Each structure stands twice: as C-alpha cells, then as structure tokens.
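Good morning, and thank you for coming. I would like to take you through one protein structure, beginning with a term that we shall need.

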Amino acid sequence: MDISHIFADAAPHAKMNYTAGLQIAAPKFASFGITTPIRVANFLAQVLHETGGGLVLFENMSYSTTARLLEIFGVGNHSAKVTAAEAPGLLRNAPALAERVYGLGNPTKARELGNTQPGDGFTYRGGGALQTTGRAAYRKMGNRIGVNLEANPGLIVDSAFAFIPALEEWNDGHLNAEADANRIRRITKVINGGTNGLPERRRWFKKVWAIATNGSPPPPFGD
C-alpha cells in the first residue's frame, strides 16, 4: 500500500510540502503501525481535514466577517469568548486574533498551550499535517524529532518534517486502536479537542478508503 500515492490521489492539489513530505515520511509509517487500510484512511482523513486537502500550511487566522469569527471563537463556541463588540477590531488581523485566541489575550488557553510571550499565539499557531499548536507542543515535537521547532517554527511545514509530528501525536493518542474500531469521533476529539469538522472528516475517510481499497464499501463508523 503506497500511502504517498493514496494521499496524492485524494488531494491532487496539495502543496508540495505535504506531497514531498509524505514521500519522506512514508517509510516511518510501519514503525508507527499505520499499515492497514482502516488505519491509513483514519490518519489521512484527519490530516486532510486539518490541512484543507493539503492546502493549509499554517492555520489561517485572518477572518473577513464578524459572523464567521464569532462562529469559531465567540462566546459559547471557544474559550476565547470573543465578543461582538471586539470582533471588528480583530478582522483581517491574523496576529492580533491569534494572540487573543491562543496567546496572552486568552490566559487559560495560553497556559494550556505553553504560550508565555507576547506574539506566541501567532508564532505557534497551528502548523503542519495535524496543525500542531502552541509553544509547548512545538518544543515537545521538536525534541522528539531532533529539530528545534521552538526556535524555528517555520520548519514544522518543511517537507522534511511536516508529517513527523503528526505521527508522534497519533502514537501519543493511541489512535491505532481507535482506528481499528473506526471510532472517528473519538479520534477527532484527541486531534482537535472537540468534534469540529466531523462530517468533513468522515467524507475524507470514505474518499481515502475507496482509494486504498480499490472501491470497497467503507466500514460503518464505530461511534
């Protein structure tokens, strides 16, 4: 099973960071146990959702409408609890919004992510195949792969490293067992912290599954 070809077929317009990155990372999948169609389909479904079909390198924190911004980060939708009054000042200002949501403008989330300095929210916004987020996560994954991602956060989307933190995160979450039972909702909660985008993740699963199994009917979801 050629995982790089499966990814390319599922996301033909994906950025080279990911297509080349997966070719580099492909030999490592066996050591992480991601070797069966159901594990590959679940892993790639998460990656393809998080990266918008392989088109998103870093999380886009630039919003053009108050309604959409509040839908994602507003009161009742996110711990940042951005209000309608402050939202207009955060439109089309990615650094300010990232700081308000992930950085010192949201102290609880900042502590959770290990963001301690002004600007950390934007510097360590989601990046790479599973959108690693926060200074602490960049540091942790950098230590794992032998690259100082904390000092050089841009390297998380370099093709040499784009998929390696994702494999580590998958392994940390013991997600092969969840994939074997096709519990995509549980996998999404581990990856995302909630169930954001679950319908789309399921659609990606079905697409990857069909490619990986030459059109076999997908198994039912286990949750």
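This is a predicted model: local features need pLDDT of at least 70, side-chain atom pairs count only at pLDDT 80 or more; totals for chains, interfaces and linings use all residues.

Two residues are said to be in contact when heavy atoms of theirs lie within 4.5 Å.

Let us begin with the helix for which we need the term. A residue counts as buried when its relative accessible area is under 20%. The buried residues of α5 are Ala94, Leu97, Ala98, Glu99, Arg100, Val101 and Tyr102. What do they pack against? Their partners are α4 (66-73), α6 (107-113) and α7 (120-123).

Now let us step back to the whole chain. The protein chain contains 12 helices and 0 strands. Its radius of gyration is 17 Å, close to the 17 Å that the globule rule gives for 223 residues, so the chain is as compact as a globular protein of that length. Along the principal axes, its C-alpha atoms fill a box of roughly 50 × 35 × 30 Å. Of the 223 residues, 48% count as buried. Among contacts with a separation of 6 or more, 57% join residues 24 or more positions apart. The chain exposes about 10,000 Å², and carbon and sulfur atoms supply 52% of that area.

I turn next to the charges. How many salt bridges does a search of the whole structure find? The search finds 12.

One of these salt bridges joins the side chains of arginine 135 and glutamate 150, at 2.9 Å from N to O. Arginine 135 belongs to helix α8 (residues 135-145), whereas glutamate 150 sits in the loop between α8 and α9 (164-172), and the two are 15 residues apart. Arginine 135 is buried, with a relative accessible area of 15%.

Glutamate 150 has a salt bridge with arginine 139 as well, and here the closest N and O atoms are 3.0 Å apart. Since glutamate 150 is in the loop between α8 and α9 and arginine 139 is in helix α8, the pair ties together parts that are 11 residues apart in sequence. A network of salt bridges links Asp120, Arg135, Arg139 and Glu150.

Helix α8 takes part in a further pair. The side chains of glutamate 168 and arginine 144 meet in a salt bridge of 2.7 Å, N to O. Glutamate 168 lies in helix α9 and arginine 144 in helix α8, so this pair ties together parts that are 24 residues apart in sequence. Glutamate 168 counts as buried at 15% relative accessibility, while arginine 144 counts as partly exposed at 35%.

Finally, let us look at glycine 222, which is placed in the segment after α12 (198-212). Glycine 222 is partly exposed, with a relative accessible area of 44%. Which residues does glycine 222 contact, leaving aside its neighbours within four places in sequence? They are Ala181, Asn182 and Arg183. The C-alpha atoms of glycine 222 and isoleucine 184 are separated by 7.4 Å, although the two residues are 38 residues apart along the chain.

Thank you for your attention.

Definitions and conventions. Residues are numbered from 1 along each chain as its sequence is written. Side-chain values use heavy atoms; hydrogens and water are left out. Helices (H or I, at least four residues) and strands (E, at least two) are DSSP runs, numbered from the N terminus. The radius of gyration is taken over C-alpha atoms; the globule rule is 2.2 Å times the number of residues to the power 0.38. Buried means under 20% relative accessible area, exposed over 50%, partly exposed in between (1.4 Å probe, protein chains only). Accessible areas come from the Shrake-Rupley method with a 1.4 Å probe; for residues, only the protein chains shown count as cover. A salt bridge is a side-chain nitrogen of Lys or Arg within 4 Å of a carboxyl oxygen of Asp or Glu.
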